[in-house]
Each structure stands twice: as structure tokens, then as C-alpha cells.
Amino acid sequence: MSLVSQPSQPPLLLADVQTRVAAELDRLAPVIDPLGERFAAAGEQLALVGGPVRDAMLGRLQNDLDFTTSAHPDVTERILKGWADAVWDLGKEFGTIGARKGDWQIEITTWRSESYDPASRKPSVAYGTSLAGDLRRRDFTVNSMALTVPGRQLEDPYGGLVDLASRVLRTPGTPEESFSDDPLRMMRAARFSAQLGFEVDPSVVAAMTAMAERITIISAERVRDELVKLVLSPEPRRGLRLLVDTGLAAYVLPELPALALERDEHHRHKDVYEHTLTVLEQAIDLEKERGHAPDFVSRFAALMHDVGKPKTRKFQDDGVVTFHHHDVVGAKITRKRMQELRFSNEQIDAVSSLVELHLRFHGYGSGEWTDSAVRRYVRDAGDQLERLHILTRADCTTRNQRKASRLRRTYDELEERIARLSEEEELASIRPDLDGNQIMEILGIGPGREVGEAYRWLLDLRLDEGPKTEAEAEAALRAWWAARA
């Protein structure tokens, strides 16, 4: 099987590219022309570079503009002052100054060359001497094009325009040289393939495979940021598959390739790895159907929901494979992996919670849950309820259309029950019918462990029997206290 990813869209026509660029340049003119004139007046060169040039050709330009210049950072700051609405230091040590002009966010970086020491996580940066040299150090040819301003001359020394039209990712120099300079570019290949739907050149794939271990010198934070961008892309399956096939995933997300070794008795037609990628795609579809923006937490939970299966696999005497408690084990594995990748505590808690809860619905059967069980489902999901709806629905990948329809109908019913109870009882903010101060006053006790026990008992009562009046709750509390004594 070839490891080379295929383009997901047909090649572009150069005439279409030129038309798109012309339209985008008209929109950019009020910013790039005056800025270019200011640098030229100061005896410096300036060019729009990289992603903005590529995206202008694809008709997907955003309001973030990257420039490269012959000017050193101090000179860039002086040129920007009096023209930009705001100027700030994004990283002078790397030659980058930031600015804002109207709705445009601008980054201007001095021509530079950079490389990694084999044992270092940080680049060694030196200023470059030419635009062509600056373009050569960039990751891929489609990002190695520049548009000089104010003259608007396209500089494309490495064939980026042809590669963009062909929808292929190649490196300006050899891939080995590029990935040795910055190993994170291997992950960027997977990310751009997923974002743009481009094919990855066979030489790039071969270098990624041979040099995969070198990704270990990159900081966890940089790896995390690339992984987030990949997962949030339009076609994450393409990029994730490339990471697995080249061996990179074994270093940055080893739980994913481990899933390829597992067979799930509930999904006999595919291994757990393929099932996981399908769940991710279905979660993205549901995300769109339900009117949500791309959501990393929801997507990453879909990607990690079955990572507990390799550690919980058991073979029964009849040959059936089981994965009991893989939800709980998977939540712990997910938490550890996200901690190692330096995710925020909020994201770690959210994704781990979803992984732990993703099987809860299957106890619902054909709708036998009591109102108490529905309340507990909502309480345990907390502010992740909508994401849990998406994950649980996406987790159905059966080819049996009758079974799939039944599961959808059953979950529709559960959501309807949640909505009905929420309207009646404000489920999202379930609390006991008495607060801590009332508990102490009724029982005649001071702050301490007993107040917490009473509070939790009242919460369970609220979940089991629904809301009560204050008088009913007080009577129940007194009875519980008397029986406890």
C-alpha cells in the first residue's frame, strides 16, 4: 500500500489562480502598497510571503498578513510607527515585529536562516542576505512564494505555483535538509495535507518515514500546536493517517497506531483504528449539522475515545474479545497524553470526561432509564453534554442500517427526555433543595464533614425524586438525620 496521500480535489487551472490573486490583491492594495512604499523609501525591500500568498491563490485569504524584509527589527519598528494603528514586539530575537492596520494583523520578519542543532529544541537564528535565500529555508514550495511590494512582482524560485496548481507538497531543497533544519515540518506536511487536501510528494513521505524519530527533539508545546491545527482541519483523517503510516504518530500520539492492532467484537468489519477515524469524521459531520464551529475538544475526544482498548483486551473461551472498562482506562490514558503535550487543565478535563462517559448511553437500552438516571446522565456530563451527544452519536459506525436507525431513534428519545426534564427542572444547574446554611440551621450543627454528607444526600434525593419544596426537603433531611443518628 502506498503511503503517499492523494489530492482530494482535481488540479487547479493557472488561469483560475491568476483570477483569484488579482481579486485578492485589489482587496489588499490599501495595506500592501503604502506599506511597501514606506519600506522602499527607507531603502529596504519588503514582500508578502508564505501562507498569505498561497491562500490568495486558493481564494481563502484571511486577515493575517506575513511579510519578509531586508530591514532589521529596529528599522522595521521605525518604519511602522506613524502608519500602523499599533506596533508590538513579537520576538525581536527571531527578527519579527507585529502590527495592526485596521482589520489587518501584520507580522514582518527579517530575512533569515535557521537550523536546529541535532540535540537542541530551539532554532539557531541568523539574518539572511536575500529574498531567495529566505524562501529556500521555508517548509514547502507552496509556502516559498513571495510577492514584492509595492511592485507586486511574484518571486517563485522553487516552483511553488506549479505545485499549488497540481495540489502537491514538496520541499524547496531536499526533504532531508528541510526536516533536519526543523523536524516539526514533518508534522506540518501532515497538517497541510489535511488543511488543503494536497498530495504529499513521495520523496517527502520517504524522508518523514526515515527521520520520524527526530521529532522527539521538538518541544511538546510545538507538537501540540501542530496537532491541534491538524485535528481542526477540514480533512484530519488524511493527516492522521500520514502520521501513522510514516511512524511519526508513534512518537507524538502513540495511542493512535496502537489501535490498529485491535479488533472490536462490536465492529467486526473494521479494526479499532479505522473505526476511530470514522467516528472522528462522523463527529465532524454532526458538528456541522448541529451548527457548531470546528471544536478541538469534541474532535479529540472522538479520536481518543477507544484508546483504552489495547490495555483492556481479553479473550473469552468462546473466542469473543472484550474490552471491559476501556472507557475508564481510556480516560486515564487520555489525561496522561494530554498532560505530556502540555494541554490546559480545562481541555484535559473536558476530553477525559467525554472519553470516560462515551459508553454511558449504551445502558439506556430501548429507553428503560428512569428520570433519575437521565438526571444523573446530565449531571455527570455537566457542561460537556452537547459534546457527549455528538460523540455518542458519532460512535455508531455499524453497517447494519436497521441497527443504526434504532440507535439514532433511541438517542433522539433520550435528548427529548433531557430537553423535557430540563425545561421542567433546570437540569443544567441541579443542586439540592437546601443549601449549606439551611442544613446547619435545620440540624443545629456547625460547619464540618456532616454538612457535606447531608448536602450529598440531598443531591442524591434531588436526582432520584426530582425537585421538592423547602418544607418537603426539610422533612426528608430531618428523617435522614434521625435514622443516621
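Predicted model: local features only at pLDDT ≥ 70, side-chain atom pairs only at ≥ 80, totals over all residues.

Trainee: With which residue does Glu-415 form a salt bridge?

Mentor: Side chains of opposite charge can pair when their charged atoms come close. Here Glu-415 pairs with Arg-290, and their closest N and O atoms are 3.1 Å apart (a salt bridge is a side-chain nitrogen of Lys or Arg within 4 Å of a carboxyl oxygen of Asp or Glu). Glu-415 belongs to helix H20 (residues 401-425) and Arg-290 to the loop between helix H13 (272-289) and helix H14 (296-304), so the pair ties together parts that are 125 residues apart in sequence. Helices (H or I, at least four residues) and strands (E, at least two) are DSSP runs, numbered from the N terminus. Arg-290 is partly exposed, at 28% relative accessibility.

Trainee: Which residues are linked with Arg-290 and Glu-415 in a network of salt bridges?

Mentor: The network also takes in Glu-386, Arg-393 and Asp-412. In the structure there are 39 salt bridges. Another of them joins Glu-453 to Arg-449, at 2.4 Å from N to O. These two residues are 4 residues apart in helix H22 (residues 449-465), which means a separation of about one helical turn. Arg-449 is exposed, with a relative accessible area of 59%. Arg-379 and Asp-380 also meet through their side chains, with 3.4 Å between N and O. Arg-379 is partly exposed at 33%, and Asp-380 is partly exposed at 30%.

Trainee: How should I read a sheet, and in what order do the strands of the open sheet lie?

Mentor: Strands of a sheet pair through backbone hydrogen bonds, either parallel or antiparallel. This open sheet has 7 strands in the order E3-E4-E5-E2-E1-E8-E9, and the pairing is mixed (two strands pair if DSSP finds at least two bridges between them). Strand E3 (86-91) and strand E9 (153-155) are the edge strands, each pairing on one side only. On average, neighbouring strands are turned by 30 degrees against each other, direction ignored. Strand E1 (residues 46-49) and strand E8 (residues 146-149) run antiparallel and are joined by 4 bridges. Within this pair, Val-49 stands opposite Ala-146 in E8.

Trainee: Which strands does helix H2 touch?

Mentor: Helix H2 (residues 51-58) packs on the sheet and touches E1, strand E2 (64-69), E8 and E9 (contact means heavy atoms within 4.5 Å). The direction of H2 makes about 55 degrees with that of E1. Axes are lines fitted to C-alpha atoms, for helices over the stretch in contact, and angles run from 0 to 180 degrees between N-to-C directions. Helix H3 (residues 73-80) also packs on the sheet, in contact with E2, E3, strand E4 (96-101) and strand E5 (104-110), and its direction makes about 10 degrees with that of E4.

Trainee: At what angle do helix H9 and H14 pack?

Mentor: Two packed helices are described by the angle between their axes and the distance between the axes. For helix H9 (residues 220-231) and H14, the angle is about 90 degrees and the axes are 10 Å apart. H9 is therefore roughly perpendicular to H14 (angles under 35 degrees count as roughly parallel, over 145 as roughly antiparallel, 65 to 115 as roughly perpendicular and the rest as oblique). Leu-227, Val-228 and Val-231 of H9 meet Phe-296, Arg-299 and Phe-300 of H14 in this contact.

How values were computed. Residues numbered from 1 in each chain as written. Heavy atoms only, no water. Buried < 20%, exposed > 50% of the residue type's maximum accessible area, 1.4 Å probe, protein only.
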